[in-house]
Amino acid sequence: MALVQLIKDIKSMKYQGANQIAIASLKYLKKTKLKNFNTVSNQLRKARPTAVVLHNCLNILSKDRTEKMIDTLLVRLQSSRIEIGKRGSKLIKNKFKIMTHCHSGDALSIIKEAHKAGKRFEVYATETEPKHQGIITAKELHKLGIKVTVIEDPAAAYFMKDMDCVIVGTDSFRKEGIINKIGTFDLAILAKKFGKPFYVAGNTLKLDNRKKFIIEERPVKEVYAGKLKGIKIRNPAFDITSWDLITRVVTEKGIMTPVNVKRLLQ
Ligand code: RUB
């Protein structure tokens, strides 16, 4: 695959979710034997700038430009996901109702592992406007025999009182909070209002110490494809959920409090 195609596929969300974007990029770098590493990594960094895992992988590779390091990173991403699933599944009890948002491999790893362990529960997946990644989540869980209901994003407040917890993924852990799909912050506020635990799943390659970060703004036609003369449309892809709204963070190294994670960021 050519680099232009990979970047097109990342931007169009053929590869979506922070880890998938990093994995697709690492596989490309391996296939091309890290040729033109600096130019390629500059372009990859810009494709979807918010998620930090790819940036962290590229930083590691810039100090050790080997295929062996690519393999190490790929294994780390894969084994972290398994570990997050195992650790996080303990948070899920029989008969739970769990709300999730968007499509996060790490969050789904927890849900899938709990199902594999024989627990029976229900998942409420927000549709996730405007790109409907919640439908990918719903289909993936349904295929495994997990009971799943899709709801419109604005229906989250209506259903929150019936939930036992919320589980979401993350694009990055920052000192300000976690950055994840737009609408995550809303769910966290709702969870707080109704006294429900709000769990975030993500590996430690998502620790984000970048001074500046960019919240990606996507094409406005994703929000409204018609013509609105003189009216501005905005389409931010992510928001920041402050630490005070987060109950626990599930990483491959353990289930942590927000204070623990903030310590890792120093
Ligand atoms: C995906 C999203 C996911 C995180 C974590 O947004 O916000 O929750 O990236 O995913 P988008 P993962 O669809 O815009 O990429 O756990 O798979 O890394």
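The questions and answers below go through selected residues and the ligand site of this predicted model.

Reader: Why is Ser 80 called buried?
Author: Its relative accessibility is 3%. Buried means under 20%. Therefore Ser 80 counts as buried. Ser 80 is found in helix H5, residues 67–88.

Reader: What makes the pair Arg 76 and Ser 80 a polar contact?
Author: A polar atom of the Ser 80 side chain lies 2.6 Å from the backbone oxygen of Arg 76. The cut-off is within 3.5 Å, so the distance qualifies.

Reader: Which residues does Ser 80 contact, leaving aside neighbours within four places in sequence?
Author: Asn 203 and Glu 252. Contact here means heavy atoms within 4.5 Å.

Reader: Why is Lys 95 called exposed?
Author: The relative accessible area of Lys 95 is 75%. Exposed means over 50%, so Lys 95 is exposed. Lys 95 sits in the loop between H5 and strand S1 (97–100). Leaving aside neighbours within four places in sequence, Lys 95 is in contact with Arg 120, Phe 121 and Asp 164.

Reader: Why is Asn 36 exposed, and why is His 132 partly exposed?
Author: Asn 36 has 51% relative accessibility. The cut-off for exposed is over 50%, so Asn 36 counts as exposed. His 132 has 31%. That value falls between 20% and 50%, so His 132 counts as partly exposed.

Reader: What is noted about phi in Asn 36 and His 132?
Author: Phi of Asn 36 is near 50°, a positive value, and the residue is not a glycine. His 132 has a positive phi of about 60° and is not a glycine either. Most residues other than glycine have a negative phi. Asn 36 lies in the loop between H2 and helix H3 (37–47). His 132 lies in the loop between S2 and H7.

Reader: How do you know that the peptide bond from Glu 129 to Pro 130 is cis?
Author: Its omega is near 0°. Most peptide bonds are trans. Pro 130 is in the loop between strand S2 (122–126) and helix H7 (133–143).

Reader: Where does the ligand sit, and how many residues surround it?
Author: The ligand takes the space of the largest pocket. 19 residues surround the ligand. Among the closest are Gln 16 and Ser 104.

Definitions and conventions
Residues are numbered from 1 along each chain as its sequence is written. This is a predicted model: local features need pLDDT of at least 70, side-chain atom pairs count only at pLDDT 80 or more; totals for chains, interfaces and linings use all residues. Side-chain values use heavy atoms; hydrogens and water are left out. Helices (H or I, at least four residues) and strands (E, at least two) are DSSP runs, numbered from the N terminus. Buried means under 20% relative accessible area, exposed over 50%, partly exposed in between (1.4 Å probe, protein chains only). A polar contact is a pair of N or O atoms within 3.5 Å; within protein, one must be able to donate a hydrogen and the other to accept it, and residues adjacent in sequence count only if both atoms are side-chain atoms. A residue is near a molecule or strand if one of its heavy atoms lies within 4 Å of it. On a 1 Å grid over the protein atoms alone, a cavity is a set of points where a 1.4 Å probe fits but cannot get out, and a pocket is an open set with protein on both sides within 12 Å along at least five of seven lines; lining residues have an atom within 4 Å of a point. A molecule sits in a cavity or pocket if more than half of its atoms lie within 2 Å of its grid points.
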